[in-house]
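Please read the sequence and the structure shown here alongside the paragraphs that follow. They take the strands, the ligand and the annotated spans in turn.

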Amino acid sequence: MNWYGIIAIWRFEMARFFRSLVQSIVSPVLSTSLYFVVFGAAIGSRIDQIEGVSYGAFIVPGLIMLTVLQQSLQNASFGIYFPKFIGTIFEVLSAPLSAFEIVAGYVGAAALKGLMIGLIILATSFFFVDITIQHPVWMVAFLVLTCISFALLGFILGIWAKTFEQLNLVPLLVVTPLVFLGGSFYSISMLPPFWQTVSLFNPVLYLVSGFRWSFFGMSDVPVAASLAAITIFTLACFAVVWWIFRTGYRLKA
Amino acid sequence: MSAIVQIKDVRKAYDDGFEALKGVNLDIEEGEILALLGPNGAGKTTLISTICGIVNPTSGSITVGGHDVVEGYREARKLIGLVPQDINLQPLEFVMNNVNFSRGLFGKPRNDALTEEVLRDLSLWDKRNNRINELSGGMKRRVLIAKALIHEPRVLFLDEPTAGVDVELRKDMWAVVERLRKDGVTIILTTHYIEEAEAIADRIGVINKGEILLVEEKEALMQRLGRKEMRIELAEGVERVPGALSGYDLSLEGNGHTLVYSYDTRGERTGITSLLKDMQAAGLVLRDVQTSQSSLEEIFVSLVKENA
Ligand SMILES: Nc1ncnc2c1ncn2[C@@H]1O[C@H](COP(=O)(O)OP(=O)(O)O)[C@@H](O)[C@H]1O
Ligand SMILES: [Mg+2]
């Protein structure tokens with residue numbers, strides 16, 4: 001294992017994160033607080049408790065997921081896209097690094113950033129609502145798996161994208177809708193039956209549901225299904241990344 | 001000496017079908033300085049990129065230090081330092097951090113003494129805490145060289161290192177190259193500047209349209225292909241080359257005051273003695289004689305033309 005190489009990439013990526021500290025941390029905290037004010041206080045006061053959980057608390061897992069997904073994806077996609085764009089990727093490609101080590105560097109750093117932001121949002125939400133976490137270990141496990149899988153997806157996106165436009169469009173057009181329609185702010189049991197069935201095809205539903213279960217012990221889909229879904233999703237991303245390095249797709253001529 | 005880089009029948013066809021390398025064979029000896037000369041688009045950068053793992057060869061094999069660059073990429077790449085042709089640097093990074101980053105990528109712990117030495121050698125020490133986007137073009141190229149040297153490579157590729165570079169940097173760079181040569185580092189440089197190849201290389205390879213046309217010791221190459229010219233100044237000008245001398249390759253210059261004789265240093269005899277005798281017989285009076293060897297540039301141009 002080329003540990004120094006992985007650490008070098010980590011440090012580089014983390015430096016980028018801390019260089020834009022305001023953007024990295026303040027903006028998710030601010031937008032989360034706004035969600036609490038708007039959804040939790042304004043709308044929540046008109047919504048009953050959901051299965052014994054106040055609406056304000058109910059949306060916490062969804063809010064964390066929303067931001068963590070976006071951040072992991074965006075950090076990973078940008079982290080690999082930018083060196084490709086300005087040409088410094090040659091350094092990484094010509095270094096004695098295996099594909100796994102390159103991924104561990106870029107995806108690991110992006111996932112870590114996502115995790116940090118997730119925990120910061122969790123801390124922020126304690127200021128707004130009372131929450132007790134029933135299964136803290138599972139909570140962390142779901143969070144970590146989500147960060148890794150979406151950082152992997154971001155890595156794939158960053159390699160695939162040929163323009164900044166593509167880089168921004170996919171999260172905007174695909175990921176954000178999936179998150180909003182994935183039960184982040186509601187239980188799918190509140191939907192008409194047809195839309196409940198449609199929701200079951202949304203992978204993000206399984207993430208949010210499992211994550212919410214770790215907080216409150218309740219879920220839209222069985223926890224086992226959530227675990228299976230996120231595992232399959234992560235493995236699928238790994239498979240694509242493996243293929244990318246095997247063929248050199250958009251990395252090597 | 002043994003070959004530290006062995007290139008066997010390497011072909012590269014890019015996605016658009018263009019064949020940039022058409023079966024390249026080349027052995028690079030340990031400790032030598034090899035200059036790869038070739039016009040734009042000859043395939044120099046492609047060849048270097050396949051050795052360094054940036055471009056996948058379509059077929060053929062390459063070893064560095066005995067390690068296959070695909071199967072044994074880790075061991076092979078550890079030996080290689082690359083200074084790319086284009087200035088690709090992360091603009092917001094600090095100089096010293098970014099140089100240390102390169103050492104990390106190659107699996108080595110930070111070595112502050114070495115970092116200082118490399119930065120000082122390249123006159124970058126004062127700029128170590130500057131961001132890269134605050135540097136001039138020449139300074140950026142120095143950073144690229146520092147990044148390639150910081151992991152102590154045994155084989156260094158310099159891809160057109162002096163294109164658009166000021167005299168100062170060129171001098172510094174050749175000083176560094178000289179030091180590396182003393183340490184036994186193998187250096188491969190591509191260049192347009194033939195004087196450069198002439199000045200520092202041990203061997204010269206000529207590449208054109210994806211093919212290596214020749215690789216030869218610099219001296220031998222100059223000898224073998226070098227034609228010499230003898231310029232003979234006459235005391236009194238002539239209107240044309242006298243008929244008695246028509247058997248020689250002569251031309252007239254300087255209003256008939258200079259006879260230029262070109263001859264091949266390869267030949268058994270240069271023909272100089274008999275020419276001078278015949279000139280005397282023809283009644284020409286010599287004032288001065290001068291010889292000069294044709295430059296590598298002329299050799300190069302004629303080679304590329306021959307194979308066009
Ligand atoms: N990524 C690429 N895709 C297609 N053709 C390329 C690519 N890179 C280089 N070429 C072509 O390959 C040939 C050799 O290029 P290069 O190796 O850069 O030459 P040199 O470094 O000798 O100037 C050129 O004709 C160039 O246009
Ligand atoms: Mg080139």
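In chain B of this predicted model, strand β1 (residues 3-13) and strand β2 (residues 19-29) run antiparallel and are joined by eight bridges. Strands here are DSSP runs of E with at least two residues, helices are runs of H or I with at least four residues, and both are numbered from the N terminus. Two strands pair if DSSP finds at least two bridges between them. One of the bridges links B:Ile7 to its partner B:Leu26 in β2(B). The two strands form a hairpin with five residues between them, and B:Gly17 in this hairpin has a positive phi near 90°. In a regular strand, side chains alternate between the two faces of the sheet.

Residues are numbered from 1 along each chain as its sequence is written, while chains are lettered from A and ligands numbered from 1 in the order in which they are written. Because the model is predicted, local features need pLDDT of at least 70 and side-chain atom pairs count only at pLDDT 80 or more, whereas totals for chains, interfaces and linings use all residues; side-chain values use heavy atoms, with hydrogens and water left out.

Chain B also has an open sheet of six strands, in the order β6-β7-β8-β3-β9-β10, with mixed pairing. At its edges are β6 (80-83) and β10 (211-217), each of which pairs on one side only. B:Leu37 has B:Thr191 in β8(B) as its bridge partner.

Another open sheet in chain B has four strands, ordered β12-β13-β11-β14, and its pairing is antiparallel. The edge strands are β12 (250-253) and β14 (286-293), and each pairs on one side only. Here the twist averages 25° from one strand to the next. Strand β13 (residues 258-264) of chain B is joined to β12(B) by four bridges, and the two run antiparallel. Along this pair, B:Glu253 stands opposite B:Thr258, and B:Leu252 has B:Leu259 as its bridge partner. A hairpin is formed by β12(B) and β13(B), with four residues between them; B:Gly254 in the turn has a positive phi of about 55°.

Which residues lie around ligand 1? They are B:Tyr14, B:Asp16, B:Phe18, B:Ala20, B:Pro39, B:Asn40, B:Gly41, B:Ala42, B:Gly43, B:Lys44, B:Thr45 and B:Thr46, where a residue counts if one of its heavy atoms lies within 4 Å of the ligand. Helix α1 (residues 44-52) of chain B gives the most to this shell, with three residues. An oxygen atom of ligand 1 is 2.6 Å from an N or O atom in the side chain of B:Thr45, and an oxygen atom of the ligand is 2.9 Å from a polar backbone atom of B:Gly43.

Chain A carries annotations from UniProt. An unreviewed entry gives "domain: ABC transmembrane type-2" for residues 19-248 of chain A; UniProt positions follow the numbering used here, feature names are shortened, and annotations may be inferred rather than shown by experiment. Over that span the chain is 77% helix and 0% strand, and its end C-alpha atoms are 31 Å apart. The unreviewed entry also lists several spans as "transmembrane region", including residues 55-73 and 115-133 of chain A. Residues 55-73 are 100% helix and 0% strand, with end C-alpha atoms 27 Å apart. Residues 115-133 are 58% helix and 0% strand, and their end C-alpha atoms lie 17 Å apart.

How values were computed
Polar contact = N/O pair within 3.5 Å; in protein donor to acceptor, adjacent residues only side chain to side chain. Axes fitted to C-alpha atoms, helices over the stretch in contact; angles between N-to-C directions.
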